[in-house]
Amino acid sequence: MAASGSEACFHLLLHCITIACTLLLIAHLFHKKSKSQEKHGFTHHPLLGVLPSLIKNQHRIHDWITDTLLTSPSNTSLIRGPFGIRGYMTANPENVEHLLKTNFENYEKGRRQKILFHDFLGRGIFNVDGELWKMQRKAASYEFNTKSLRSFVIETVQREIGDRLVPLLSNVCNGGGSVNLQDVFQRFTFDNICSVAFGVDPACLHPSLPQVPFARAFDDATELSFGRIFYSAPFAWRIKKLLDIGSERRLRQAIAVVDDFALSVIRSRRKEIAENHESNYPLRNDLLSRFMAALDDHNGENLERSSDLFLRDMIVNFMLAGRDTASTSLTWFFWLLSSHPAVEDTIRHEIMEVLAKRRENPKGVAFNYEELREMQYLHAAVCESLRLYPPVPLDSKVAVQKDVLPDGNVVRRGWSVDYSIYAMGRMKSIWGQDCLEFKPQRWLKNGEFVGESPYKFVAFNAGPRICLGKEMSMIQMKSIVACIIHGYSVKVDPGFVARYTLDFNMRIKGGMPVTLTKT
């Protein structure tokens, strides 16, 4: 009852603040000189900056950013936030290279982002800078480059396809053929990342499509953490957290479930190691076991970094990267494929050519590493989909010291510089006049895949922070696509319109219902 009273008082206070801000906004909107616009770029209002335009366009925020940056000769625009907060938004590859490589040390995550995501991501690799980031990056880089981990990932993907995905899709076909494909991909990738990260199988893709508490809590923690940026008045989330009400209470509860699961697995693994102390270490191939071994090698340097909580942060960060990005990418891929039957036919033909070379199990649905590497056109099609619909559409950095971008824009200390990966895929100056078209052949030369500069194609980040799991992610996506296209025909309802969510990952709002039939 007390919590309910506190929540009511909070919402009354927030309502008063909202009314005051609305009146201020109306006064400025109706004043002839209430707004100004740079020669090129975003429209700004006194005190409120770009906020009114952002609110107006939040349902199409990435397209609004793209449209705005297209008006600037350098594809960069100044952003004034409420009460004078300043920064830049850019889709200029030279600026991106400067941020992510040339002057990497001067651009950090920033204090605000670290605070917003600390409760969920803690001191994990995606929420830290400096020495703590370097230590995790070094440990992770070594493990991700081992052949044993790559083999483990391939085996895990193949097992999930054979034991879960194919039986589920067959059941869908036999039961009417309709399914939410985005939900299927989210379940697949969650099972997969839990196996790779923890060595634990939550069985989200079981034919009964169960509700798994850990998976639900992970989703909620991700969404609510990101919601602190867009769905709360400035500092409102802090008050809600203090009072333990609303979204902050749900966030606390979700993180508690994630922590209980993660810490129980970590403690169980420590017990397993203690009972098998004479065996070779690590005992398993999952990331948790590998990170435990790597951190224990440096145990004398910093005991805190070998703690259970720090291991929890490391693993949760890699789960966030490996789960939603892959499922989101796959959903947009099949959305694009639904309106490009010629691309689907070409991929199917390539798959048949690969299968024709087999001596054993010519009709098998699991493809090995070498077979996947042969699928050059499929690789190009996946990259082309990522160009148009990157799972993480926007990233942000904060300047440690004053700087000048390659296009001449001056960045003051503490200013943010955001780069729109979504907009970069829609720039004629980068990709040519046909930049809005889905054309896998733009990545091919004489039938072979030819990659682009990572500062032009930033779907996997670039520079020192380039995605360590890039190859493994491509293996997973190509394996799933090849399996589905080889065995099934996927039809999206002609009347369905895909709209993206305003979230950390650019998922399709409400999922994507499709009809499946066996080929």
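Which helix lies across strand 13 and strand 14, and at about what angle to strand 13 does that helix run?

The structure is a predicted model, in which local features need pLDDT of at least 70 and side-chain atom pairs count only at pLDDT 80 or more, while totals for chains, interfaces and linings use all residues. Residues are numbered from 1 along each chain as its sequence is written, and side-chain values use heavy atoms, with hydrogens and water left out.

The protein holds 19 helices and 14 strands; these are DSSP runs numbered from the N terminus, with helices (H or I) of at least four residues and strands (E) of at least two. Of its 519 residues, 53% count as buried, where buried means under 20% relative accessible area, exposed means over 50%, and partly exposed lies in between (1.4 Å probe, protein chains only). Among the contacts in the protein with a separation of 6 or more, 71% come from residues 24 or more positions apart; a contact means heavy atoms within 4.5 Å.

Three strands form an open sheet in the order 6-14-13, with antiparallel pairing; two strands pair if DSSP finds at least two bridges between them. Strand 6 (178–180) and strand 13 (488–492) are at the edges with a single partner strand each, so one side of each has no neighbour in the sheet. From one strand to the next, the twist averages 35 degrees. Strand 13 and strand 14 (residues 513–518) run antiparallel and are joined by 5 bridges. Along this pair, Val-490 stands opposite Leu-516 in strand 14, and Ser-489 has Thr-517 of strand 14 as its bridge partner. Strand 13 is also mostly covered, with 4 of its 5 residues buried.

The opening question can now be answered. Helix 19 (residues 470–487) lies across strand 13 and strand 14, and runs at about 95 degrees to strand 13. Such angles run from 0 to 180 degrees between N-to-C directions, and the axes are lines fitted to C-alpha atoms, for helices over the stretch in contact. Helix 7 (residues 147–174) lies across strand 6, strand 13 and strand 14, at about 95 degrees to strand 14.

Helix 19 also has a helical partner. Helix 13 (residues 308–337) packs with helix 19 at an angle of about 40 degrees, and their axes are 10 Å apart. Helix 13 and helix 19 are therefore oblique to each other, since angles under 35 degrees count as roughly parallel, over 145 as roughly antiparallel, 65 to 115 as roughly perpendicular and the rest as oblique. Residues of helix 13 including Gly-322, Ala-326 and Phe-333 meet residues of helix 19, among them Met-477, Ile-480 and Ile-484.

A second pair is formed by helix 9 (residues 213–230) and helix 11 (residues 246–275), which pack at about 135 degrees with their axes 8 Å apart. Helix 9 and helix 11 are therefore oblique to each other as well. The contact involves Phe-214, Ala-217 and Leu-224, among others, of helix 9, and residues of helix 11 including Leu-251, Ala-254 and Val-258. Helix 9 is also the place of Gly-227, which is buried, with a relative accessible area of 9%. The C-alpha atoms of Gly-227 and Leu-116 are 9.4 Å apart, although 111 residues separate the two along the chain.

Helix 12 (residues 287–296) is mostly covered, with 9 of its 10 residues buried. These buried residues, among them Leu-288, Phe-291 and Leu-295, pack against helix 6 (130–144), helix 7, helix 8, helix 11 and helix 13. At the start of helix 12, a side-chain oxygen of Asp-286 comes to within 3.2 Å of the backbone nitrogen of Leu-288.

Finally, Arg-187 sits in helix 8 (residues 181–198). Is this arginine residue, Arg-187, buried or exposed? Arg-187 is buried, with a relative accessible area of 9%. Its side chain reaches the backbone oxygen of Pro-210 at 2.7 Å. Leaving out residues up to four places away in sequence, Arg-187 touches Cys-204, Leu-205, Leu-209, Pro-210 and Gln-211.

Methods
A polar contact is a pair of N or O atoms within 3.5 Å; within protein, one must be able to donate a hydrogen and the other to accept it, and residues adjacent in sequence count only if both atoms are side-chain atoms.
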